[in-house]
Amino acid sequence: MTLDIREYRCLVADKEVIIETGRFAQQAGGAVTVRMGDTMLFCSTTMGSPRAHLDFFPLSVDYEEKMYAGGRVPGGFFRREGRPSEGAILTSRVIDRTLRPLFPKNMRNDVQVILMSLSHDKEHHVDMLGIIAASTALMISDIPWNGPVAGARIGLVDGALTANPTYSAMQSSKLDLRVSGTADAINMVECNAAQVDEDTMLEALFMAHDSVQDIIALQHRIRAEIGKEKLEPSVDNLDDALLAEVETKVQTPIRDVMTAHSDRAARRAPLQEIKEGLLAEYTERNDAAADDEDPVNLAHVERAYDQVMKNVVRSRIVNDGVRPDGRGYAKMRPLAAEVGLVPRVHGSGMFLRGETQVLTIATLGTPREAQFMDGLSPEDDKRYMHHYNFPPYSTGETYPLRGPRRREVGHGALAEKALLAMMPSEEEFPYVLRLVSEVMSSNGSTSMASVCGSTLALLDAGVPIKNPVGGIAMGLIKEGEKVAVLTDIQGMEDHLGDMDFKVAGTVDGITALQMDIKIAGVTRDIMQQALAQAKDARLQILDVINAAMPQPRGSLSDFAPRMESIKIEVDKIGAVIGPGGKNVRALQDDHNVKVDIQEDGLVYVAGESGAEVEQALDKIRAMVEEPEIGQIYTGRVTRTENYGAFVEFLPNTEGMVHVSQLADYHVKSVEEEVSVGDEIMVMVINIDGTGRVRLSRQAVLEGWDVEEAMRRDAAGGGRRGGGDRRGPRRDGNRRGGDRRGGGQRDRRN
């Protein structure tokens, strides 16, 4: 078979993107490779048969992270890729959220988008490249779709906004903003930042949108040259006559209930009664119908009811200025915050906004408990993690627990990013931090409540975060030219609205953004208004957080590990570890501590007792300490010779005390003065060019300073024949007057 391979090139900012088609996967609906630098992705798009009786569009987007792309063998027992990593899940979600709004409304065909990394150069990011790949594959395929779109990343490096920065450039960036958009508008935002102000963020958002216009134009050209004829989608639209009939029956009753009851619980029963009555009426009609009449589709009746409900709610918001619970556009629901609710945990915080309630627990761990990353990203490990759980009871439902779903992974990652820039450095606070947010009740924006709960839990745990972080979710209702930007959306407004725009930050700026929309895009004016309302709400939330916990606790929980650190020279790591780990195991066993040694020589010691931690640190200091002339040590005699005694005065470090300097009197025999195993105090008086150490016990006994000790050593020894000449005492005990030191080392310099 002859391959019709086409190659297209385009600049996105200053980075060249190379798109190739026709080489791989000829049987897919559309397939491309997209390359930037030496990072290359493959993407296929395929449409299957319609799936009957679904009330949603069955789109699946999966990014597969292949370890061979980075020249690595996967970890684990099987040594092959298994379940997707958190990073792969987040990449899949970003691409899915970009593509989904642009498919035909009520489409019911299975559509599958599969991306995989073929090569990764550790410099160019995969996620925004994946949006370009998926969009191009859909454009040239036979799948109906209203693209194209493209994605770009914006960084803030040295005060300047930069499009599509590399991994290395992002190390010093205060902003990691990912934006996708069509030719006309932005349709997806994902961001974490280090307190970036609203004006800079708005500039970055539209810089990203401007930077993708050339690649969008290129996709139109590729479509014109090689695109397949689009298939007709299977669309499950409502019959206009049925919708009009249902509207006549239930529009006024629904509006009356919504007007009478601003409380969700109060209106639940009357609305359910209206819905059940409608379905019962059509069921009776079907039962009474003649054999040659088509029955009314009850699923369509239910959908028509939902559409009328949506129309009533949206009309009341944009035309009457009334939200379902009676609030104004910019008003928040009641707020509450508490800390210290759970005993024995290291920190806990509860945040309440209306019917949304989240409890977050903070746990402090040792460096060995950091999460190791087995992926293509240059990131090797994580010392700060946030996990989010959304149990069925939070919405009054029942369903099996099957572990975290994509949505839970995504919400946890968003809350994690919101606080990332506010975390203390490892040098300042060497603990590993794990936050777990348990959603207790949900009625809108649990991810942003998780941000608030996390701030409270960290403060309760005594973590010195740089600034408290609060989060709020904004919504949008757009009917023609009428626009309503809503602060603190609840579940109904999220479900029936056009936008879910989450904003987290501190008093000084934004730390995270996430935007999902159901329409083609949003304009600059809408974004600006949403950011302004979000800032006002965020400041109110931070006031509530500060009232509950104005600053981190002054001390850690009694149940948190005590941890201290010490920096040693890299060439001393082996001395601390010891042969086969002997030394470090002894430290841990003797003092009931955990010792973690980093490659750069940073050593962490953690234990339940602060005293035990300090004793272990003292031993480590001794293991790596270099002998210093004039320093006095307590050592142990390891062997004796006719000319002197050898003393281990630091771990694995010996020196020799000449017989002439063993005492402050004349010593006839070394063995008569000291024996192997004796502890004596000695001063370092010389270190020669080969590292051999000369010690003096006489210098300690007579109180010489370092200059006197060095002068006497250079002159050829200590006091020979001087001092106390009495020799051994009659009771047989040696005159080892230095025992008064009690084994403690004199650290005089």
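**Figure 1. Helix α4 is largely enclosed by the rest of the structure, because 10 of its 14 residues are buried.** Buried denotes under 20% relative accessible area, exposed over 50%, and partly exposed the range in between, with a 1.4 Å probe and protein chains only. The model is predicted: local features need pLDDT of at least 70, side-chain atom pairs count only at pLDDT 80 or more, and totals for chains, interfaces and linings use all residues. Residues are numbered from 1 along each chain as its sequence is written, and side-chain values use heavy atoms, with hydrogens and water left out. Helices (H or I, at least four residues) and strands (E, at least two) are DSSP runs numbered from the N terminus. The buried residues of α4 include Met201, Leu202, Leu205, Phe206 and His209. The end C-alpha atoms of α4 (residues 198-211) are 20 Å apart, which agrees with the 20 Å that its 14 residues should span at 1.5 Å a residue; the expected span is 1.5 Å times one less than the number of residues.

**Figure 2. Helix α12 comprises 25 residues, 524-548.** From first C-alpha to last, α12 reaches 36 Å, close to the 36 Å expected at 1.5 Å a residue.

**Figure 3. Salt bridges involve Arg353 with Asp488 and Asp460 with Arg553.** Side chains of opposite charge can pair when their charged atoms come close. A salt bridge is defined as a side-chain nitrogen of Lys or Arg within 4 Å of a carboxyl oxygen of Asp or Glu, and by this rule the count comes to 47. The closest N and O atoms of Arg353 and Asp488 are 3.7 Å apart. This pair links distant parts of the chain, with Arg353 in strand β12 (residues 347-353) and Asp488 in the loop between β19 (482-487) and α11 (491-496), 135 residues apart. Both Arg353 and Asp488 are buried. The side chains of Asp460 and Arg553 meet at 2.6 Å, N to O. Here helix α10 (residues 446-460) supplies Asp460, while Arg553 lies in the loop between α12 and β22 (562-567), 93 residues apart. Asp460 is buried at a relative accessible area of 9%, whereas Arg553 is partly exposed at 38%. Shared partners join Arg323, Asp325, Arg327, Arg333, Arg353, Asp488 and Glu493 into one salt-bridge network.

**Figure 4. Aromatic pairs are formed by Phe24 with Phe42 and by Tyr643 with Phe646.** Rings of Phe, Tyr and Trp (its six-membered ring) pair if their centres lie within 6.5 Å; planes under 30 degrees apart count as stacked, over 60 as edge-to-face and the rest as tilted. A search of the whole structure finds 7 such pairs. Phe24 and Phe42 are edge-to-face, at 6.4 Å centre to centre and 85 degrees between the planes. Phe24 lies in the loop between β2 (15-21) and β3 (30-36) and Phe42 in strand β4 (residues 39-50), so the pair ties together parts that are 18 residues apart in sequence. Phe24 is partly exposed at 40% relative accessibility, whereas Phe42 is buried at 10%. Tyr643 and Phe646 are likewise edge-to-face, with 6.3 Å between centres and 85 degrees between planes. Tyr643 is partly exposed at 41% relative accessibility, and Phe646 is buried at 14%.

**Figure 5. Arginine side chains lie over the rings of Phe646 and Phe390.** A charge sits over a ring if NZ of Lys or CZ of Arg is within 6 Å of the ring centre and within 35 degrees of the ring normal. Arg639 lies over the face of Phe646, 3.7 Å from the ring centre. The charged end of Arg407 sits 4.4 Å from the centre of the Phe390 ring.

**Figure 6. Backbone geometry is shown at Pro148, Lys122 and Ser445.** Most residues other than glycine have a negative phi, and most peptide bonds are trans. A cis peptide bond, with omega about 10 degrees, joins Gly147 and Pro148; Pro148 is in the loop between α2 (127-140) and β7 (150-157). Lys122 has a positive phi of about 65 degrees and belongs to the loop between β6 (109-119) and α2. Ser445 has a positive phi of about 55 degrees, in the loop between β17 (432-441) and α10. Lys122 is partly exposed at 29% relative accessibility, whereas Ser445 is buried at 11%.
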